[in-house]
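Dear colleague,

Please find below the sequence and the structure for your records. My notes on what was found follow directly after.

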Amino acid sequence: MTLNVSPLTLGTSGLGRDTEPGSADEEAAVEFAERLFASTHAFVDTSNNYAGGRSESVLGLAMARVGADAATRVISKVDCEPGTGVFDRDRVLRSFDETTARLGVDRLPLLHLHDPYTVTFDEAMGRGGAVEGLIELRESGRVDAIGVAAGPVPLMARYVETGVFDAVLIHNRLTVVDRSAEPVFVDARERGMTVFNAAPFGAGILATGPREGAMYAYRPATPQLQEWVSQLQRVCVAHGVTLPGVALHFSLRSPLVDTTVVGVSSAARLAQLDELAAMPIPDGVWAELDELGPAPSAIDDSAYL
């Protein structure tokens, strides 16, 4: 099935982190979550393990205040068992129950298999495996759709090729720096899957610009990548736009992407994101981006081949 997404999906990986139930910090997080639901964006993205479960708990408190509409706008993910790494059918069902209890709902529009790195592909797809649990949840009507969400392109390609999933989410692999997810997204689109492209800013350098300590995809940006991004930044300045604006619109304009997932941590960040999305980007930027040639991405997915 194809989900009725909007161009942007709001990520909440840090929502509620280190807050205590009933605290002033929790209340501030809940009020921010209410603003997410008041936005024009169709979905809010969370996961069982985000902020140790606090992301879902805070969203649940906000949903109770906002009303029934919010229950149709939260996407979550099942995660392996903390500590043991167990990720089988039974763990998926427990993870789902934990999530729905925190959120205060009985069902979800979409549930992803999240970062299945503690099991092999064959274990996840096999009898009693994690995917069996997801299929059960979909067949029972407790979720409308199931997806797979992770990073390594060779691994994600295998999951998409099964034809089992309704959606796919890949992070950091379709940006101005790294386009390695393109073949997987092409396959997914041909299968009628909904494509979520996450982390258009590379979790760092495409938001901050080149600087000491800049990161790309949770890894230090190499000197070669820093220099490449410096060249792109000069292109942006010449056209009167910002590097983050170009990074975001690279994903928004892609015909392979249904929705771009961006993490937001404050009301100011949400407003900034909306401003970037409204920023017009001259066509000349894309022409000069192509002239820069491929970027020296810091990502190496060869271990998953």
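I begin with an aromatic residue. Tyr117 has a relative accessibility of 37% and therefore counts as partly exposed, where buried means under 20% relative accessible area, exposed over 50% and partly exposed in between (1.4 Å probe, protein chains only). Tyr304, at 36%, likewise counts as partly exposed.

Before going further, please note that this is a predicted model, in which local features need pLDDT of at least 70 and side-chain atom pairs count only at pLDDT 80 or more, while totals for chains, interfaces and linings use all residues. Residues are numbered from 1 along each chain as its sequence is written, and side-chain values use heavy atoms, with hydrogens and water left out.

Aromatic pairs

The structure holds three aromatic pairs; rings of Phe, Tyr and Trp (its six-membered ring) pair if their centres lie within 6.5 Å, and planes under 30 degrees apart count as stacked, over 60 as edge-to-face and the rest as tilted. One of them joins Tyr117 and Tyr304, whose ring centres are 6.2 Å apart with planes at 50°, so the pair is tilted. Because Tyr117 lies in the loop between β4 (111-114) and α4 (121-125) and Tyr304 in the segment after α12 (283-292), this pair ties together parts that are 187 residues apart in sequence. Helices (H or I, at least four residues) and strands (E, at least two) are DSSP runs, numbered from the N terminus.

Phe121 and Tyr159 form an edge-to-face pair, 4.9 Å centre to centre with 70° between the planes. This pair links distant parts of the chain, with Phe121 in helix α4 and Tyr159 in helix α6 (residues 153-161), 38 residues apart. Both Phe121 and Tyr159 are buried, and together with Phe165 they form one aromatic cluster.

Salt bridges

The count comes to 19 salt bridges, each being a side-chain nitrogen of Lys or Arg within 4 Å of a carboxyl oxygen of Asp or Glu. Among them is the bridge between Arg102 and Glu56, with the closest N and O atoms 2.7 Å apart. Arg102 lies in helix α3 (residues 89-103) and Glu56 in helix α2, so the pair ties together parts that are 46 residues apart in sequence. Arg102 is partly exposed, with a relative accessible area of 25%, whereas Glu56, at 0% relative accessibility, counts as buried.

Glu132 and Arg89 also meet in a salt bridge (3.9 Å, N to O). Here Glu132 in helix α5 (residues 130-139) is linked to Arg89 in helix α3, 43 residues apart. Glu132 counts as partly exposed at 27% relative accessibility, and Arg89 does so at 24%. A network of salt bridges links Arg89, Asp90, Glu132 and Glu136.

Helix α1

Helix α1 (residues 24-38) has 15 residues and, at 1.5 Å a residue, should span 21 Å; its end C-alpha atoms are 21 Å apart, which agrees. The expected span is 1.5 Å times one less than the number of residues. Its buried residues are Glu26, Ala29, Val30, Phe32, Ala33, Leu36 and Phe37. Down the axis of α1 they fall within an arc of 165°, so they line one face of the helix; the arc is that of the directions from the helix axis to the C-beta atoms. The face turned away from this buried side carries the exposed residues Ala24, Arg35 and Ala38. The buried residues of α1 pack against β1 (8-11), β2 (44-45), α2 (54-66), β3 (74-78) and α11 (267-278), contact meaning heavy atoms within 4.5 Å.

With kind regards
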